[in-house]
Amino acid sequence: MAGAERSFRTPALILRRFDLGEADRVLTILTPAHGKLEVVAKGARKLTSPRTGHVELFTRAEMLINSGRELGIVVQAEMVSPYLALRDDLVRGASAGYAAEITDRFVSPGEIYPPALFTLLDAAFARIDSDPDPRLALRYFEMHLLDLVGFRPELNECVIGHEPVQPQDQFFSYAEGGVVCPRDAVRGTSHVPVSMLTLKIMRHLQRSRYEAVRDLQISRALHDDFERVMVGYVSYLLERRPHSADLLRRIR
Ligand SMILES: [Zn+2]
């Protein structure tokens, strides 16, 4: 179908955008059925643009896209979920920025992912927007994103000896993608210590529905430790630390 032009309607989450020329914008969007796309929103920077205005970062829109050329063209865009706090609140906004950045980095254009990926990010934007602990909502998203893109951390058995993990402080190997017991840690590489308490919360988030974890009271120290392990693992996989992780730390 090379060169063939076709239009389709799709829900879209706005991950990234940059200005193009005087009036246009290029958007990186995540869709349920077409994966990650780069599309041009013509006239998006003109406040008066009636058809493609209001394409804000970290919102969900319904789009009509004309594809067939190098970049799709957004013919119509209507915002469905504005997630206002993601633009009004610095910490919530930077948290959504981290979720969008790692999604953008882990997801390859042209590849099809389970629709659960779209649902997970949409839910993450909503939760980061309005739940009491946006940091917990972000960790939950990160844990389940890793699952959907093929990097589910192994938290129940030692990734070197394959024996069940004992209730004691452990290590987490970025290279092996999971827990390493203290005995086998001497043979592993690129691992960091992970306390029993941090491992417990990691496992809880990995195996639970969000509703079962959203009201947990997590201390700042535990959050910091959880973040150290997870952002470390994400940075290892992506081969650099996400910019938004540093921004988030500076804001806090
Ligand atoms: Zn072991």
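**Close-up views of a helix pair and a sheet**

**View 1. Helix H2 and helix H7.** The axes of helix H2 (residues 90–106) and helix H7 (residues 243–251) cross at roughly 165° and come within 8 Å. H2 is therefore roughly antiparallel to H7 (angles under 35 degrees count as roughly parallel, over 145 as roughly antiparallel, 65 to 115 as roughly perpendicular and the rest as oblique). Axes are lines fitted to C-alpha atoms, for helices over the stretch in contact, with angles from 0 to 180 degrees between N-to-C directions. Helices (H or I, at least four residues) and strands (E, at least two) are DSSP runs, numbered from the N terminus. The model is predicted: local features need pLDDT of at least 70, side-chain atom pairs count only at pLDDT 80 or more, and totals for chains, interfaces and linings use all residues. Residues are numbered from 1 along each chain as its sequence is written.

**View 2. Residues between H2 and H7.** From H2, Leu90, Val91, Ala94, Ser95, Gly97, Tyr98 and Glu101 meet His243, Ser244, Ala245, Leu247, Leu248 and Ile251 of H7 (contact: C-beta atoms, placed from the backbone, within 7 Å).

**View 3. The open sheet S7-S6-S8.** Three strands, paired antiparallel, form an open sheet in the order S7-S6-S8 (strands pair if DSSP finds at least two bridges between them). Strand S7 (178–180) and strand S8 (191–194) stand at the edges with a single partner strand each, so one side of each has no neighbour in the sheet. From one strand to the next, the twist averages 40°.

**View 4. Strand S6 beside S7.** Strand S6 (residues 170–173) runs antiparallel to S7 and is joined to S7 by three bridges. Phe171 stands opposite Val180 in S7.

Conventions
Two residues are in contact if their C-beta atoms, placed from the backbone, lie within 7 Å.
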